[in-house]
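Subject: Structure for your files, with notes

Hello,

Here is the structure I said I would pass on. My notes on it follow below the display.

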Amino acid sequence: MNSDALEKTPLTLLGLGAMGTALARTWLDAGHPLTVWNRTPGRAEPLAALGARVAGSVAEAVAASGLVVLCLLDDASVDETLDGVDLTGKDLVNLTTSTPALARSRAERSHGRGARFVDGGIMAVPPMIGVPDSGGYIFYSGSRALFDAHRDTLAVPTGTSYVGEDAGSAALHDVALLSAMNGMFGGVAHAFALVRKEDIEPTAFARLLADWLVAMVPSVHQMASQLADGDYTRGVVSNLAMQVAGSPTLLRTAEEQGVSTELLTPYLSLMERRLAQGHGHEGTTGVVDLLAR
């Protein structure tokens, strides 16, 4: 442990999966006195060798520090882990993946048990933790006083982005970005499936695909601008009517290549429905209104 450890905020970390272990190592490397607990004690042994204190129980771990960070499997694991534990005066930071509603409920229950609460959404994978300029960061929401008090400590593993007093905001931001990522991966999978059986080298095609996706990124900002001012026609180059007219070509090509259209048809169906409502002169932004029922 670093010689200036006594000047660093002590904290407790509950949960030593791949992400929890990565977080623990960065705090230890930065000289923070760290108490750890994990349901499977063996996972704590490598961290003990680096200077972590291994607690024999959750109650012991929570009692050891004013700042308690949770990085567990799911919300049910958090409930089970904290059941019966005295949280009075504690600052809880939950980095367990959750939903906005569950995060808000967790905040209320934590306050009822005498603790301040912040929820977090990790926008990184374990290898990005503790790596400068990796591009990773964590959304935080909930008690502003807690976040401000521990901002420097929370920023040790990766960047921080505070997104408001609403405890559910971090989870909402997290899931929204992950949903966009999964949609993108769906399109990427469909594209690779189309060329899979052809004499097209995958890595060469990947360069074309990545460049094309990057070129399409500005459309995200255009959609946001249109949603903000309500004008879904501003700046439109290829309107909805044109895009729907081109949809059969996408579907026919998939059929010719022996590729399922199950990743394409939901979005194409939404565009067709928006067109049928008389919005052919717009872009595709109106699909958002169909989804946000």
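Val287 lies in helix 13, which covers residues 287–291. This is a predicted model, and that applies to everything in this message. Val287 is buried, with a relative accessible area of 5%. Leaving aside residues up to four places away in sequence, Val287 touches Tyr267, Leu270 and Met271. Asn182 is 105 residues from Val287 in sequence, and the two C-alpha atoms are 18 Å apart in space.

The chain as a whole

The chain has 293 residues, and buried residues make up 40% of them. There are 13 helices and eight strands. Taken along the principal axes, the C-alpha atoms fill a box of roughly 65 × 45 × 30 Å. Of the contacts with a separation of 6 or more, 59% are between residues 24 or more positions apart.

Helix 4 and what covers it

Helix 4 runs over residues 75–82, and its buried residues are Asp75, Ser77, Val78, Thr81 and Leu82. These residues are on the same side of helix 4, because they cover an arc of only 155° around the axis. In general, an α-helix has 3.6 residues a turn, so residues three or four places apart point the same way. After helix 4 comes Gly84, which has a positive phi, near 80°.

Strand 2 also holds Thr35. With 6% relative accessibility, Thr35 counts as buried. Its contacts, not counting residues up to four places away in sequence, are Leu11, Thr12, Leu13, Arg53, Ala55, Ala61, Ala64 and Ser65. Ala189 is 154 residues from Thr35 along the chain, and their C-alpha atoms are separated by 42 Å.

A positive phi at Asp133

Most residues other than glycine have a negative phi. Asp133 has a positive one, near 60°. Asp133 sits in the loop between strand 6 (116–123) and strand 7 (137–142). Is Asp133 buried or exposed? Asp133 is exposed, at a relative accessible area of 82%.

Aromatic pairs

The count of aromatic pairs comes to four. In one of them, Tyr137 and Phe139 are edge-to-face, with 5.1 Å centre to centre and 90° between the planes. Tyr137 counts as partly exposed, at 26% relative accessibility, whereas Phe139 is buried, at 6%. Ring pairs also link Tyr140, Phe147 and Tyr162 into a cluster.

Phe139 is touched by His173 as well, and so is Val163, not counting residues up to four places away in sequence. His173 is found in helix 8, residues 169–195. The relative accessible area of His173 is 32%, so this residue is partly exposed. His173 and Ser247 are 74 residues apart in sequence and 31 Å apart in space, C-alpha to C-alpha.

Helices 9 and 10

How do helix 9 (residues 202–216) and helix 10 (residues 218–229) pack, and at what angle? The angle is about 25°, and the axes are 5 Å apart. Angles under 35 degrees count as roughly parallel, so helix 9 is roughly parallel to helix 10. On the helix 9 side, the residues that meet helix 10 are Val214, Ala215 and Met216, and their partners in helix 10 are Pro218, Ser219 and Val220. By class, this contact has five nonpolar residues, one polar and no charged ones.

Val220, in helix 10, counts as exposed at 55% relative accessibility. Leu270 is 50 residues from Val220 along the chain, with 18 Å between the C-alpha atoms. Leu270 is also one of the residues that Val287 touches.

Regards

Key. Residues numbered from 1 in each chain as written. Predicted model: local features only at pLDDT ≥ 70, side-chain atom pairs only at ≥ 80, totals over all residues. Heavy atoms only, no water. Axes fitted to C-alpha atoms, helices over the stretch in contact; angles between N-to-C directions. Helix = DSSP H or I, 4+ residues; strand = E, 2+ residues; numbered from the N terminus. Parallel < 35°, antiparallel > 145°, perpendicular 65-115°, else oblique. Contact = heavy atoms within 4.5 Å. Nonpolar A, V, L, I, M, F, W, Y, C, P; charged D, E, K, R; others polar. Phe/Tyr/Trp six-rings, centres within 6.5 Å; stacked < 30°, edge-to-face > 60°. Buried < 20%, exposed > 50% of the residue type's maximum accessible area, 1.4 Å probe, protein only. Arc of directions from axis to C-beta.
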